[in-house]
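Let's take a walk through a structure together, one piece at a time. Have the sequence and the 3D view ready, and keep checking one against the other as you read.

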Amino acid sequence: MFELDQIRRDAPTRRRFMKLMGAAGIGAAAMRLVETPEAYAADVASRYAGGASADAAATVSPDAKTNHFPGIPGRNVNEQALNFALTLELLEADLYRQALNAASGHSNSAPLSTAPTGYRLKVPAGSIGAGASADAFDYLRIFAYVEATHRDFLITTIKSMGGTPVKANPRGYKLPPGIKPNLSSILGAILPLEETGVRAYLGAIPFVTNNTIAQAAAEIFSTEARHSAVINTVLGNDAGPHKMAGDQSVVPKPPADNALEYFLAPSVVLERASAFFK
Amino acid sequence: MNPQKTTSSSRRTFLGGAAALAAASVIPASKAFAVSPALTYSDIPGTGDVKVVNYALALEQLEADFYHQCVLRLTTGGTNYLGTTIPGLNLDPSTHEDVRYMIRFGEVERLHRNLLTSVLGNKAIGAFKYQFGIESKSRQQIIQMAADVEATGVSAYLGAIPFFSSGSQYLPVAGAIQGTEARHTAQLFALLNQIFDVPLNVAPKPYQNHGADSPLGPNQVLAAVSQYIVTT
């Protein structure tokens, strides 16, 4: 048997073991293809069923030492977790917009075009092979819209629950310095955001006391894992997961470096994210 | 952990529950060897979190054996645990990136299976034997099937989350596996695109489930995979 020492050490002590919906709820949740973020957000909110205000066990601790999402607003830990996720998605969506502008020869301040077809690769491929540059640009183009959709979904979900979504940093976000005007350099700057996003969701999910919210978060989590995998490989890296600085494992002795995703504590994620804040 | 280890009596015990159910079979008539009617979540042994982890283990057992058979087919050939001869396509891993990935992903799935088996100890579900028809599949069909199996794994982990107790200690482990299978899924679809010019489909599009992976309930997943599970 294993002990989740790391998770347990951080786990909320007043976690209530709510019995959520049984098999009946699952049928409705399955195969939600081609729908609006609003419809799904309303679905999450309805399944959450008033728990946001009534869920005393999920109340944010007034003690800063046991506040798992420091500085993140929310009436309870579940709303905090969603706002934590939104904090990252706001950042990711905006940096993808900037990266896509850079790769397409658009002005840095240009808003995301109404359709992905508005972008064409206008910079050299860099270290990416000629045969892979079209796919690599497609990743940048499509993932930019996917991250914007994640952002909008979280805003809608938090509002549907009666909460207040966090706002984007008023001064905006900045890509790391030293990016060269080529596709591999631009994707290399985006990759740490995706990899950190994966670790952020896995680190946040243990604090969520509502499995509907956990499920919604996990749906975004594994999408970011997919993004990370293919960006890694067009850049010539292994698809992962691979251990990076500060990574924590969900088991004390991982069976291999590439068998399980890693996580980071929310406070660590927020510190790293702040480096991209203007 | 070796699928051959499973005794027929443990399979019968496990399948006893399935036989009692009146669910309609989803098994094509041509696959008379498959378990019928399809397994459902009620057939998975245990209760609460143990049942959910056993469900995950059943899928990892299937994935591990699937990759085992795929790698036999792609490389030197061999025999699956049912005694079916699998002729090798004799592809050299050193010159075929997809074969290298298949070998590596297969190792990872075995590690997932072993991890969940050790988590459950004596409560672990017994292994089945599986017939995937690998012996007659092409290289492209195998990579496509692997991509589909991994994608089903991702959706299965998502669909299992509501069955865990709230704040379950197993949830982060399940998530860590789910994310890994998502990486496998994306990479396999990227390989299909690079090698066979299959349309690029590495991750959900913005209009699919708000740009995020979709859950599949246990009964849907078990209905889909039961066609590969052999009863006799």
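What share of the contacts in chain A with a separation of 6 or more comes from residues 24 or more positions apart? The answer is 71%. Two residues are in contact here if their C-beta atoms, placed from the backbone, lie within 7 Å.

Before going on, a word about what you're looking at. This is a predicted model, where local features need pLDDT of at least 70 and side-chain atom pairs count only at pLDDT 80 or more, while totals for chains, interfaces and linings use all residues. Residues are numbered from 1 along each chain as its sequence is written, and chains are lettered from A, and ligands numbered from 1, in the order in which they are written.

Now look at how chain A is put together. It has 9 helices and 0 strands, so from the N terminus on you read α-α-α-α-α-α-α-α-α (helices are DSSP runs of H or I with at least four residues, strands are runs of E with at least two, and both are numbered from the N terminus). Of its 278 residues, 51% count as buried. A residue is buried if 20 or more other C-beta atoms lie within 10 Å of its own, exposed if 12 or fewer, and partly exposed in between, with the C-beta atoms placed from the backbone.

Let's zoom in on helix H9 of chain A, residues 266-274. Pro266(A), Val269(A) and Ala273(A) are its buried residues. Look down the axis of H9(A) and they fall within an arc of 60°, so they line one face of the helix (the arc is that of the directions from the helix axis to the C-beta atoms). Helix H5 (77-104) and helix H7 (183-204) of chain A are among what covers them. On the face of H9(A) turned away from that buried side, you'll find the exposed residues Glu271(A) and Ser274(A).

Over to chain B. Its helix H2 (residues 48-74) has 27 residues and reaches 39 Å from its first C-alpha to its last, close to the 39 Å expected at 1.5 Å a residue (the expected span is 1.5 Å times one less than the number of residues). H2(B) is mostly covered, with 24 of its 27 residues buried. In the loop between helix H1 (8-20) and H2 of chain B sits Pro37(B), and a cis peptide bond with omega of about -5° joins Ser36(B) to Pro37(B).

Two residues in the loop between H5 and helix H6 (218-225) of chain B deserve a look, and Asp197(B) is one of them. Its phi is near 60°, a positive value in a residue other than glycine. Asn209(B) is in the loop between H5 and H6 too, with a positive phi near 45°. Are they buried or exposed? Asp197(B) counts as exposed because it has 8 C-beta neighbours inside 10 Å, whereas Asn209(B) is buried, with 24 other C-beta atoms within 10 Å.

Finally, see where the chains touch. The contact takes 52 residues from chain B and 65 residues from chain A. On the side of chain B that touches chain A, H5(B) gives the most, with 16 residues.
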